[in-house]
Amino acid sequence: MRNPFLSIRHFSTMSPVAACHVAVIGAGASGLAAARHLRREGHSVVVFEKESQVGGIWIYTNHTEPDPLGLDPTRPRVHSSLYSSLRTNLPRESMGFREYPFAAKKTGQRDPRRFPGHSEVLEYLKDYASEFGIGELVRFETEVSRVWRRGSGKWEVRSRKKNGDDEDINEAFDAVVVCNGHYTEPRIAHIPGVDRWPGKQIHSHNYRVPEPFQNKIVVLIGSSASAVDISREIASVANEVHIASWSNSTEESATLPGYDNVWLRPMIESANEDGTISFPHGLKISADIILHCTGYKYHFPFLDTEGIVTVDDNRVGPLYKHVFPPSLAPWLSFVGLPWKVAPFPQYELQCEWIAGILSGRISLPSEEEMTKEVEAFYDSLKASGVPKRYTHNMTGYQFEYNDWIAMQCGTPKTEEWRIKMYHATSLNRNARPESYREEWEDDDLVMQAYQDFAKQISCKQAS
Ligand SMILES: Cc1cc2nc3c(=O)[nH]c(=O)nc-3n(C[C@H](O)[C@H](O)[C@H](O)COP(=O)(O)OP(=O)(O)OC[C@H]3O[C@@H](n4cnc5c(N)ncnc54)[C@H](O)[C@@H]3O)c2cc1C
């Protein structure tokens, strides 16, 4: 069904200066945006997707990996990291693509809530794909195992159809856009002594439902949105939940307001052979399970750039504006690396930029200028004491970044309501971690968003 709020920016294919043959790896939200914008610009596009449908991380599965910590590099992988009860942590109005608003649909099985459950996001992404005819560009159940550059400058992509008799296929492309997501490869906390600790450990990548935590004493590490959700959910069945985080005070331990079985603890000091976990100031707790809600690592097992692009302490680099390795630009690009952002609208801009640069409509600085700028960026992080692993953390400047790209593309800047709504939601989430999805004070912004969506359709109908 067509989105009634489809915007005026759904213009027809542009006349490119040059059309390229482009491989997109992944058909999650970023790969769909890449396919949409590359094709709109006139490029020919092949999207490689190892799953059998679009949606990426939003395809919920109750399967988990056999290695609950995700340490074994040979383990069979499960891509999604969603838990069954997951609802979005951004309101749908500011979460959706600008070109294709995530407006509530009150029809059929759809979830019209402002912070909908995960299956609604998947439906939305399927709608987006069908609106822009992206499905026909995707090779489903086709996993990319290697991407490398040939002497000719072309990129070679090796893929294999799942469960097929087919052999590996190598194909040449002018450019490759990497959209493989970065919420699949667990990052775990370093805990001295944990190797001899007899309890069980699991990463939130493999958390689905609270039942396995029934009557257990759980130490949950982390303070992200997932840690907040999962700790509350587990508290309903576990005997005790201890939330260990660098952001909790080392001086005192308090219970979480509203819960008498959830404690806020400082970071763990050690795990001990007798089954206890030690915290600062001599506190020891006997625990059954450590649940790591400690985030993920960037991982590009298929990518061979002969050492030009590396992942060093979770910094993917060197990358100009988090997208282009200067010496391989614009023929290799990455979409969706930044975090602490509203992802979908940023993907759109990054993809529009990549597509425009590949066609020659938009220009990039020289390799030397880009390299200098990347070095200056890394130097500024170092000077401010920001660890490498925070390189792609965009707290505080995503909209400035987005607007810079928008300017390159000749696209309107981020709407005021969208910026205000993002900030209002962050404040509300901190103030009401339990109930921000039900109670908010930015109805005026919701109204502005829907007025904006409605204006877009009337412009489109008039054009
Ligand atoms: C628990 C959790 C909650 C989140 N909540 C929100 C939220 O509320 N709102 C929000 O906006 N964002 C949220 N996000 C962020 C979310 O990840 C992004 O919104 C976005 O969906 C990521 O899209 P992506 O396309 O970059 O990656 P993915 O969705 O991960 O898609 C990558 C795709 O690439 C495919 N792929 C990978 N490797 C290969 C290969 N070698 N060959 C072929 N195909 C391959 C995968 O199968 C997958 O389909 C959340 C993330 C997590 C983990």
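Predicted model: local features only at pLDDT ≥ 70, side-chain atom pairs only at ≥ 80, totals over all residues.

Author: Residues are numbered from 1 along each chain as its sequence is written.

Reader: Why are strands S4 and S5 said to pair?

Author: Two strands pair if DSSP finds at least two bridges between them, strands themselves being DSSP runs (E, at least two residues) numbered from the N terminus. S4 (residues 142-149) and S5 (residues 155-161) have seven bridges in the antiparallel sense, one of the bridge partners being Val144 with Ser159, and therefore they count as paired under the rule of at least two bridges.

Reader: What makes S5 and S6 a pair?

Author: Five bridges join S5 to S6 (residues 169-173), and the two run antiparallel; Arg158 has Asn170 as its bridge partner in S6.

Reader: How do you know which residues of H1 and H5 make the contact?

Author: H1 (29-40) and H5 (343-359) are helices, that is, DSSP runs of H or I with at least four residues, and they pack at an angle of about 35° with their axes 8 Å apart. Two residues are in contact if their C-beta atoms, placed from the backbone, lie within 7 Å, and the residues making the contact include Ala33 and His37 of H1 and Tyr347 and Cys351 of H5.

Notes. Axes fitted to C-alpha atoms, helices over the stretch in contact; angles between N-to-C directions.
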